[in-house]
Amino acid sequence: MKKTRKVLAVLLTIILTLGLAACGGGGGSDSSGGTGDGTSITLFNSKNEIQEQFEELAKQYEEQTGVHVEVYYSQDTVSAHLATKYASKSPYTINMVDPKDIYTLGKQYGADMSGYDWVADTDYAITVDGKVLGFPTCIEARGILYNADAIKRVTGKDFDPSSINTLDDFKAFLDELVAGGMESPTAILKPDWSLAAHYLQQVYEEREDPEAFIQGLYAGEVDLMQDAKFNALMDTFDTLKAYNMFKAGAISAEDELVHQAMSEGQDAFQFGGCWEWNDILTYDYTGNIGIMPGPQNVQDAYTGMLVGGGSKYFYVDGSEYTSEADQKAAMDFLNWLATSDEGKTFVSETCGMVSPFRSNTVPCSNDIGVVVKQYVDAGKLVPNYDYDPDDHYSKLGIEMQKYLADQCTREELAAAIQNYWATTTPVEH
Amino acid sequence: MKRNTFSYKVKQYLMFGGVGTFLFCAVVIVPFIYGIYLTFTSWDGVSRDKPLVGFANYAAAFKDADFWMAMGRTVIYSVFAVVFINILAFAMAYLVTSGVKGQNFFRAGFFVPNLIGGIVLGYIWKFVFNRAFVAIGNAITGGTTTSLLATPRGAMFCLIFASVWQYAGYMMLIYVAGFMSVSDSLKEAAMIDGCTPAQAMRNVTIPLMRSSFVQCIFLSITRCFVIYDVNLSLTKGEPFGESVMAAMHVYNTAFTYKRYGQGQAEALILFIVCAIIGVTQEWIGKKGEVEA
Amino acid sequence: MTQNEKAAAAKKRNHAIMITILIILFILFIMPFILVIINVFKDKADIVSNPLALIGAHGFTLKNFPEAMRKMDFFNVFKNSLIITVSATFLTILISSMTSFVIVRNGKWKMCTAVFALMVASMVIPFQVLMVPLVSVYGGIFNILNSRITLIFMHVGFSVSMATFMFHGAIHSTIPLELEEAALIDGCTRWQTFWKIVFPLLKPTIATVTIIDAMAFWNDYLLPSLVLTRKEIYTIPIATQQFYGTYSTDIGLVMAALLLAMLPILILYLFLQKYIVAGVTSGAVKG
């Protein structure tokens, strides 16, 4: 009994001390944590790989202007996280979201940024109902990644991506690599976002009027098996599948393995995009990785083009929870990000992203980004289609995974896609 | 002292249970009731307006085939997981209270999985199933072994395995406390009366540990039914969405598909199913106790 | 061989079998833990290419530790985690043992039955269901988020049901009513009876609940991430989230953070589990 009391006494003392420390440490919810002129704004960053760099940039900005920018990141789903922020009536001043969210979230809460210098400097701002709501962080594009070093090691020649225009060229080249000793020269990322939101998405995007095509899908009037683009892209997909180095475990190969294979030149081609740069860099990177358009046997206006556009948009919260002064400070910060030398260096060099702003001439430090930038400058970018329903990538991702694992035929895949669209409520925009 | 008046009862209750009940109501019941209100709206989770739609979300939930498939999967998973968790936990508790050398060391070891949060735990097992086992399999067969996580059944097995591994040590703790509370003198008395150790176990120890059983089974059922973390990090619903458990489906509906009201309605259904199972099991346990 | 020798030999054999089973189980249980320890000294490329190798191709490295500590602001978040875990666990134990006492000993009062049923039922509510309503009420209406004290009370509120459930079982089946009645006759009040007689007898359960709750609070991510939004009051799990991402996960850093974070709990466990044993051998239950 004595022992118990002793232990209790000790515990109680600990609690009291800690409790006092807690109170002393400031338990209150004071919002003014800033310095300088007292302005302090918050920024939600949903690109985890640049979190640390962003914090550095915020420090620089505070030194220059006295405005404190606190950069946050969350492990939770972006929409769930922002939902809790709005539910507690304390949203971030600046929010980084996907383009489609600008049309919903931004439309409701976003503040109009028209009149700022950066707006005229880009083709990628998102304007809704005459208000400029979305600030593009970067341009991201999709295509086939290649490791030129790995290829040269096998063929002995410098790789020229422009030599591969059709799927037949591609197949012949893959056979050459196989003959040269690279057993399986391709890889495919298996997550639903890559298969559905990035690959399948091209079926909608690479045509003259994507909107009309989507409306046709909603109405159940499209027969994908008769659609040249669908078949062309699936033929290419079949080829990637046939030479896949993770064929045996196509749907259990982790992204890390796929990235490592590309980075270290164990394979030569992989479907992907410029955002994978940071992952590729963390292994024994051989250098000389680039991106090229997916070769298809259908030759049309989109042959030789990458698919992509503005990505990761910022909107400034314009609701009653954010003061006018903070909104102004937030917009000033974004303008600084786009127009100042520090901002330009941050985007292109520090983070290796492709800047969506014409005046940014700082060279991109990302090998894939450099190539993407060339395509952008040449106007060879098929625009993104941003109005998919929210469950599109996960529901059709499942179907694409089945196809990847040879669990269904192309007919079944087409039927599943048609069925999905026909039974989904159209997205208003 | 009048012990039967209403005010005496209330005073007694508040003195002991007041703070606990207040906090419980404040953080669980109040939000829960507000959550029920939200099931009658077509709120998307973030927008200002929450238009009332009556029972539309419930109708949608009942028609949501994916939800019911996830529920079915959750039931199958829970049955296997609960049975194996409890068998293993009981056996381990028995072994580490039987006086073998280094039993404290073993107890600590079995408890280690609990020190790792669910998300990380899932990643670690993914590692083991996808890589280590495949590497070992390849070495043995000399051919190509596919990961267990690549097939729906395999993924289910992995989830059950990881859960058993995660919770057995935890439930073992409760069984250990149960074993400890059965006094040795009772067991010795039974042995002196001619019981074999097995008989002493069956007739003395196990009946006296009934409350441990009730607790462990209840806890493991409820834990398994709302599995989310491990599901997310170990299988993420893959392959082909055939390892999506109920809680994950609810979360996706509410946040990823932005149908908050429907997600909340499905969560409520999940809650009711769990509560019925939990309460039935409690009731059976209690009833047995009276008979014993 | 005499009867006694035979028995002794049998006992020895049983003992050996038990030890063998225990060792096999033990290896199985700590295998992933060992995996963590092995990989914490490797860099990311080596972890991905060969997680089972003892030493990676790039050699032995300690760089994961300082980097994880710096990125997390380790000492600060450690302090926060400690304050929150210790206070919340302590309060949970006190509050729920008291609550369960009044519920068990007054099983005939409708109020008690109702509260207990509600608590048991609430244990199966998935937390994701409550999170948006919770922040709507406490952030949107009362505006008391962003404070460690709020988090402590919320932790207690969420764990009180399960702790009460466990104490309920313990009081119900292991504390003889006669002991309390004797104390009441000796002139103790109910309050005194509880603290002097019942609470000390609950030691094994207290130790169990302490370890279970302390662990849950220490590792919890979702609730703290909703309540604590200022960086200076972050806890360890929120601070480690930086290492996870959609496209990339720096596994080496995760492992280092994990190892740093779990040591205190392991120590607590070793300390308390001695207590679980001590509680029974010296307690009054035996007599």
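This is a predicted model: local features need pLDDT of at least 70, side-chain atom pairs count only at pLDDT 80 or more; totals for chains, interfaces and linings use all residues.

Q: What is the handedness of the crossing in which H7(B) passes H8(B)?
A: H7(B) passes H8(B) in a right-handed crossing.

Q: Which residues make the contact between H7(B) and H8(B)?
A: From H7(B) come B:Leu186, B:Lys187, B:Ala190 and B:Met191, and from H8(B) come B:Ala200, B:Asn203, B:Val204 and B:Thr205. Residues count as being in contact if their C-beta atoms lie within 7 Å.

Q: How do the residues of the contact of H7(B) with H8(B) divide by class?
A: There are 5 nonpolar, 2 polar and 1 charged. Lys belongs to the charged class, and B:Lys187 is one of the residues that H7(B) brings to the contact.

Q: What makes H1(B) roughly perpendicular to H7(C)?
A: H1(B) and helix H7 (residues 148–174) of chain C pack at an angle of about 110°, with their axes 8 Å apart. Angles of 65 to 115 degrees count as roughly perpendicular, so H1(B) is roughly perpendicular to H7(C). The crossing of H1(B) and H7(C) is left-handed.

Q: Which residues meet where H1(B) packs on H7(C)?
A: H1(B) contributes B:Gly20, B:Leu23, B:Phe24, B:Ala26, B:Val27 and B:Val28. Facing them in H7(C) are C:Phe153, C:Met154, C:Val156, C:Gly157, C:Phe158, C:Val160, C:Ser161 and C:Thr164. The contact of H1(B) with H7(C) has 10 nonpolar, 4 polar and no charged residues. Gly counts as polar, and B:Gly20 and C:Gly157 are among the residues that meet here.

Q: How many residues does the contact take from chain B and from chain C?
A: Chain B gives 75 residues and chain C gives 77 residues. Among the elements of chain B that give two or more residues to this side are helix H3 (65–97), helix H6 (152–181) and helix H12 (260–291). H1(B) gives the most, with 20 residues. The side of chain B that touches chain C has 51 nonpolar, 20 polar and 4 charged residues.

Q: How is chain A divided into domains, and how far apart do their C-alpha centres lie?
A: An automatic or database domain assignment gives domain 1 (40–138 + 310–364) and domain 2 (141–308 + 382–422) of chain A. Their C-alpha centres lie 30 Å apart. The contact takes 5 residues from domain 1 of chain A and 7 residues from domain 2 of chain A. On the side of domain 1 that touches domain 2, there are 2 nonpolar, 1 polar and 2 charged residues.

Q: What share of the residues of chain A count as buried?
A: Of the 429 residues of chain A, 49% count as buried. The criterion is that 20 or more other C-beta atoms lie within 10 Å of the residue's own.

Q: What else describes chain A, in its helices and strands and in the span of its C-alpha trace?
A: Chain A has 17 helices and 10 strands. Its C-alpha trace spans about 75 × 65 × 45 Å along the principal axes.

Notes
Residues are numbered from 1 along each chain as its sequence is written. Chains are lettered from A and ligands numbered from 1 in the order in which they are written. Two residues are in contact if their C-beta atoms, placed from the backbone, lie within 7 Å. Helices (H or I, at least four residues) and strands (E, at least two) are DSSP runs, numbered from the N terminus. A crossing is left-handed if the near helix is turned anticlockwise from the far one by less than a right angle, and right-handed if clockwise. A residue is buried if 20 or more other C-beta atoms lie within 10 Å of its own, exposed if 12 or fewer, and partly exposed in between; C-beta atoms are placed from the backbone. Axes are lines fitted to C-alpha atoms, for helices over the stretch in contact, and angles run from 0 to 180 degrees between N-to-C directions. Angles under 35 degrees count as roughly parallel, over 145 as roughly antiparallel, 65 to 115 as roughly perpendicular and the rest as oblique.
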